[in-house]
Amino acid sequence: MSALSRGLISRLHHLLSVNPRASLAPGPTRTPLTFHLCRRFSSEALVDGADIVYEPTRIIEAKPGVMTPQSKRTGVIAVKCGMAALWDKWGARIPISILWVDDNIVSQVKTVEKEGIFALQIGCGQKKAKHLTKPEVGHFRAQGVPMRRKLREFPVTEDGLLSVGTSIGVRHFVPGQYVDVTGITRGKGFQGGMKRWGFKGGPASHGNSLAHRAIGSTGQRDAPGKVFKGKKMPGRMGGKQRTVKNVWIYKIDPARNLMWVRGQVCLSYQIYYLSNASA
């Protein structure tokens, strides 16, 4: 007999057993205890549905609605193509970063009833099933959407939910809007203090010997006799996630799914996540 069966029989025996000396004990008359098993250990309990609680399934329809100032829409995934420069009607030069929204679709919808949050999972790009892991292929097939190269989850409000398979392009944003752009900076490897932190360096002449690009002193004397944590020193530079807030959208090109934004957003040939600008 397995340990599970022995434990189950022991628990049932403990619940259903009656103390034979209870009727002989002095005091008021004791009422026999009645036990009700809330869980049934049979397959018939799954047929009548008495112990099954069915949660209502949320149906998300694609219909127009009115967004409020408290509404939060989903973001998109874009690829940086490069940088350019434009001039406005007053002749002022505007540095421009060109982003390409590569075939974004909604691959999963998360609701409060099931996952505990309102969020949309967005996928971009194309990728073959043989280049994905089996859990990833099973996820896409369960949702009924094509295979995607990159996935990203964006928290939204309830009025910002979209149905699975909805295509999102650059028309999701409008010129003049502000967005937050998140991406991975280009890794530059191990760098010195001048390049990594912008230190001035030592003098170029007047007795300086082989210390032109040195960072100089890093600590004090016997008190405290150590280098404090967080000191700016040479080390690995780049390759970290950074967010540029309040990036202004200059214009969009729906025909080619291109977007012009003002300023620099991290570096070239990286994946960027564009979300609504923070307050």
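## Strands β3 and β4

Strands β3 and β4 run antiparallel to each other and pair over 5 bridges; pairing here means that DSSP finds at least two bridges between two strands. If you want one spot to look at, find Ile105, whose bridge partner in β4 is Gly123. In general, strands of a sheet pair through backbone hydrogen bonds, either parallel or antiparallel.

Keep in mind that this is a predicted model, where local features need pLDDT of at least 70, side-chain atom pairs count only at pLDDT 80 or more, and totals for chains, interfaces and linings use all residues. Residues are numbered from 1 along each chain as its sequence is written, and side-chain values use heavy atoms, with hydrogens and water left out.

## The sheet around them

Ile117 is partly exposed, at 40% relative accessible area; the scale calls a residue buried under 20%, exposed over 50% and partly exposed in between, with a 1.4 Å probe and protein chains only. Setting aside residues up to four places away in sequence, Ile117 touches Lys110, Thr111, Val112 and Glu153, where a contact means heavy atoms within 4.5 Å. Val156 is 39 residues from Ile117 in sequence, yet their C-alpha atoms are 8.6 Å apart in space.

## A hairpin

Another pair to look for is β1 and β2, which are antiparallel and share 9 bridges. Together they form a hairpin with 5 residues between them, and Gly91 in the turn has a positive phi of about 85°. Along this pair, Val79 stands opposite Trp100 in β2.

## What's packed inside

In soluble globular proteins, nonpolar side chains tend to be buried together. Here the largest nonpolar core has 24 residues, and Leu120, Ile122 and Met259 have the most contacts inside it. A core of this kind is a set of buried Ala, Val, Leu, Ile, Met, Phe, Trp, Tyr and Cys residues joined through side-chain atoms within 4.5 Å. The elements giving two or more residues to this core are β1 (76–87), β2 (93–101), β3 (104–110), β4 (119–124), β7 (178–184), β10 (241–253) and β11 (258–262). Apart from this core lies another, of 6 residues, among them Ile105, Leu132, Phe140 and Val145.

Beyond its neighbours within four places in sequence, Gln108 is in contact with Glu115, Ala119, Leu120, Gln121, His139, Gln143 and Val164.

Most residues other than glycine have a negative phi, and most peptide bonds are trans. Leu210, in the loop between α4 and β9, has a positive phi near 60° and is exposed at 83% relative accessibility. Asn246 sits in strand β10; its phi is also positive, near 55°, and Asn246 is partly exposed at 43%.

The loop between α4 (193–197) and β9 (235–237) also holds Pro224. A cis peptide bond joins Ala223 and Pro224, with omega at about 5°.

## Cysteines and the whole chain

A disulfide requires a pair of cysteine sulfur atoms within 2.5 Å, and the count comes to 0. Cys81 is partly exposed at 40% relative accessibility, while Cys124 is buried at 3%.

Overall, the chain has 4 helices and 12 strands, and 26% of its 279 residues count as buried. Of the contacts between residues at least 6 apart in sequence, 67% join residues at least 24 apart.
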